[in-house]
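Here is a short report on a structure with several chains. Start with the sequence and the model below, then read on.

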Amino acid sequence: MIVPVSYYLVLSAILFGLGVVAFVFKRNVITVFMSIELMLNAVNLAFVAFARAHNQLDGLVFVFFVIVVAAAESAVGLAIVIVLARNRESLNVERVNLLKF
Amino acid sequence: MPILSHLWIILALPLAGSAINGLLGKRWPKSAVNSVAIGAVSLTFLAVAELVREFFQLAPDRIPYVGDYFTWMIAGPFRVDFALQVDQLTVVMLLVVSFVGMLIHIYSTGYMAHEGGYYRFFSYLNLFMFFMLTLVLAANLVVMFVGWEGVGLCSYLLIGFWFLKKSAADAGKKAFITTRIGDFGFTVGVLFVFATFQSIDFQTIFKSLAANPVSEGLLTTICILLFTGAVGKSAQLPLYVWLPDAMEGPTPVSALIHAATMVTAGVYMVARMNPLFSRAPIAMLVVAIVGAITAFYSATIGLMQTDIKKVLAYSTVSQLGYMFLGCGVGAYAAGIFHLMTHAFFKGLLFLCAGSVIHAMGDEQNMMKMGGLRKKIPITYWTMLIATLAIAGIPGFAGFFSKDEILEAAQSGPHANFILWLLGVAGAALTSFYMFRLIFLTFFGEPRYDEHAVHVHESPKNMTIPLMILAFCSIFGGWFAAPKLIGGIDHFSTFLDPVFTMYAPSAPPPAESAASAGVALAHALISWPVFVAILGLLVAWWFYIKSPETPKRLAKSLHALYILIFNKYYVDEIYAALIVRPLLWISTHVLWHVVDERVIDGTVNGVATVARESGGELRKLQSGNTRSYAAWVVVGAVCFTFLLLLVLGMR
Amino acid sequence: MSLPFILFFAFGLLAVAGAVMLILAREPIHSALALILVMICLAVLYLLLGAEFIAAVQIIVYAGAIMVLFVFVIMLLNMGVEERTNFSKFAYVGVVAAFVLLLEIGHWMYHSAVGGATANGAEPATAFSTVDLSTLLFRSYLFPFEATSILILIAILGALVLARKEE
């Protein structure tokens, strides 16, 4: 029995949704970052599935770039996290609250 | 025809005088202000004289002469041109206004010599001349209304000339507001005229009316509406209340505006619109009734006034009533005739009163005068002449004009016995209170402190106008005299074309000239003459022979005395019935509710909404990252939903 | 029940389990490990879909470098379980919204034109060719390729500058 492409898409959606939940729910900054990575991965899966569905390689190229950008972003983001942790002695995302009205 | 083709010169002269004095006169010496003001009005009079000369050279088919200067406004079918016209009626009015105006200007240089704001006074006075002349020269209702409103404005400015005095400022306001009520009726009348005739130009209206009849009901409505304007402007019942208060203004103002010219604007308007009125008998009856009742009513109030100017004010109201009575019974020429003679003798009376006041050091209460006859002889003699004129003693101007009116009321085509009776009764009272004024002021023992008040005759620039006007008060009525000795009444004949050109029916055949003696005897042995002499005698009895009689009479008829002495409490009634409710509505409804709650509320409400919503939205920026994250997700949900909708997927 | 089918379900479920574990874990290190699990499962799924190169890149770069970086930072910052603060009540609304989002997207994906049409599913006749992919990368998408290399350079610089100890 063949696995239809839509199954992969649904899986991607589920993973994305869970990533969003984690994004909102978790209190540790690093965990929040990881949930972003999870979301990006889910999107990658969707791209690959679409590439398969259209039998075109362009989707894969996009995945490639997503991975590269995710890498760059994590590097910078974690640098920020380190600075934050240094200044605040805490990794609680709710303590990052200086940008208020 | 230099003046006729440039009628606007007559208007431009006083306007220029007013502007020059008003803008530049503040620092000028009095002589400079005088030259400008007197110069302007004298030149105007000369221009009018020249106009009259040219007028008499016009062929009859070119009368009325209309000069159209520019198109003022066009709004669809509504078209108003700034057009001036000259016909016989205009000529009479122009002469009266400019001549009497000029004399009063000269008088004012003496009367106002010690007053502050000298330049302002003459600026306003010239401005008044401008507007009055506009009113008289107008060729259509709207230009006339410009003049109408303008004289009202000048009246307000001049009544409240001493604006720092509260009673004067209030009087100015009262005048303006009361006449406004009449003006509202007038405006509605003009609108009706436009709706009916599609034009507000006099000649167009009259020609259209003569060619195509208009329903009588409509005409009656129009005439009554226009007449309400006259009721306000010419101080008839019930809108007369402003005129006695207007005595707060300087006496020359009372003479010019509230005796000779502005208040006669209503009479002029009715005479001008005679084609309409003649075709609406009910309206004419209304005019006559209002005039007659006012004539009598106002005379009763004048009986008991103690302020010399107030007596003259009520007398003016009363005499205006006579003019309207004349117009109302179809004797338009008689009404205008009385307008002219009244300008002479009432103007003279006011100027003399001013002279008396000036002599008495600004005292206006007659009860504090007395025995001035020998001390200010010129004033005494001229005032006596004016009184004889107003009382209708034969030979003087008022006799001819009043007699014509009463005769028309008695036996003219629209005669009415009751109206005639009211007129005669009013004449009796007029004679009585005017002679009362003379006797109280000039006869008897001085009732003032002779050491405190230094009574002196007025200077020449005041007495010469008095003498000129006295001359007119005697001979000004003699245009009509020839009728009594078998000739024709020149005045009525002159004005005849104005009132017959568009008249509804052929004029009644001219009464065959009765033989000289019969007409004269008929005129002399008549009720008006009787009551005039009767009034003189009773006044003499009350105030010279047995001065206790008035007091005894007042005591025995106490209630009536109090009623009339307090002017029938009309001012108080108006205040309670009209002024106070209006003020209450203005304060409690319009101010507190509409203005404060609705309008301010809306505006402030918008601001409050903006501020409050801003305040609430601000709380979104809580600084809490998790809530930001949650908002991002919510935004994503909405966005996805929208996309789903747009792309049409289920 | 062919092999691809079983593999799909097995690794799919495993991926979901990993994601759930990421949410439920108390320690951040457990979340990191769960995420690594997810990534490995996804790599397998890529293989199933025929994207061999991408699967390899996923393992090497994503799971092997990025996640290692995460683990290093977690180790470095050894903060342990942080306090339970609850400053934002609105965050719970976000959770609900997230579920709604999940359902929406899932529904959408399922019914998308692509999903239904490809009945010939995910099993490729042949896998994607790496040669073709690289040709595409170095020809049509050359500019983004070079741009991302600069991006990485910038990221390195940024990370260096940010995390420097102040003297």
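## Where chain B meets chain A

Ten residues from chain B and eleven residues from chain A make the contact between these two chains. Two residues are in contact if their C-beta atoms, placed from the backbone, lie within 7 Å. On the side of chain B that touches chain A, helix H27 (residues 625-647) of chain B gives the most, with five residues. That side of chain B divides into three nonpolar, five polar and two charged residues. Ala, Val, Leu, Ile, Met, Phe, Trp, Tyr, Cys and Pro count as nonpolar; Asp, Glu, Lys and Arg count as charged; the others, Gly among them, count as polar.

This is a predicted model, in which local features need pLDDT of at least 70, side-chain atom pairs count only at pLDDT 80 or more, and totals for chains, interfaces and linings use all residues. Residues are numbered from 1 along each chain as its sequence is written, while chains are lettered from A and ligands numbered from 1 in the order in which they are written.

## Where chain A meets chain C

Here 66 residues of chain A are in contact with 79 residues of chain C. Three elements of chain A give two or more residues to its side: helix H1 (5-25), helix H2 (29-54) and helix H3 (58-88). H3(A) gives the most, with 21 residues. By class, this side of chain A has 51 nonpolar, eleven polar and four charged residues.

## Chain B overall

Chain B has 27 helices and two strands. Helices (H or I, at least four residues) and strands (E, at least two) are DSSP runs, numbered from the N terminus. The C-alpha trace of chain B spans about 115 × 70 × 55 Å along its principal axes.

Of its 650 residues, 50% count as buried. A residue is buried if 20 or more other C-beta atoms lie within 10 Å of its own, exposed if 12 or fewer, and partly exposed in between; C-beta atoms are placed from the backbone. Take contacts in chain B between residues at least 6 apart in sequence: 81% join residues at least 24 apart.

## Details in chain B

The axes of helix H12 (residues 265-272) and helix H15 (residues 308-328) of chain B come within 10 Å and cross at roughly 5°. That makes H12(B) roughly parallel to H15(B), a term for angles under 35 degrees. H12(B) brings B:Val267, B:Val270 and B:Ala271 to the contact, and H15(B) brings B:Leu320, B:Met323, B:Phe324 and B:Cys327. By class, the contact has seven nonpolar, no polar and no charged residues.

The loop between helix H9 (216-233) and helix H10 (242-245) of chain B holds B:Pro238. A cis peptide bond joins B:Leu237 and B:Pro238, with omega about -5°. B:Ala235 is found in the loop between H9 and H10 too. B:Ala235 has a positive phi of about 50° although it is not a glycine. Is B:Ala235 buried or exposed? B:Ala235 is buried, with 31 other C-beta atoms within 10 Å.

B:Tyr569 is found in the loop between helix H25 (558-565) and H26 of chain B. B:Tyr569 also is not a glycine, yet has a positive phi of about 55°. B:Tyr569 counts as exposed, with 12 C-beta neighbours inside 10 Å.

## Chain C

Chain C comes to seven helices and zero strands. Of its 167 residues, 29% count as buried.

Technical notes
Axes fitted to C-alpha atoms, helices over the stretch in contact; angles between N-to-C directions. Parallel < 35°, antiparallel > 145°, perpendicular 65-115°, else oblique.
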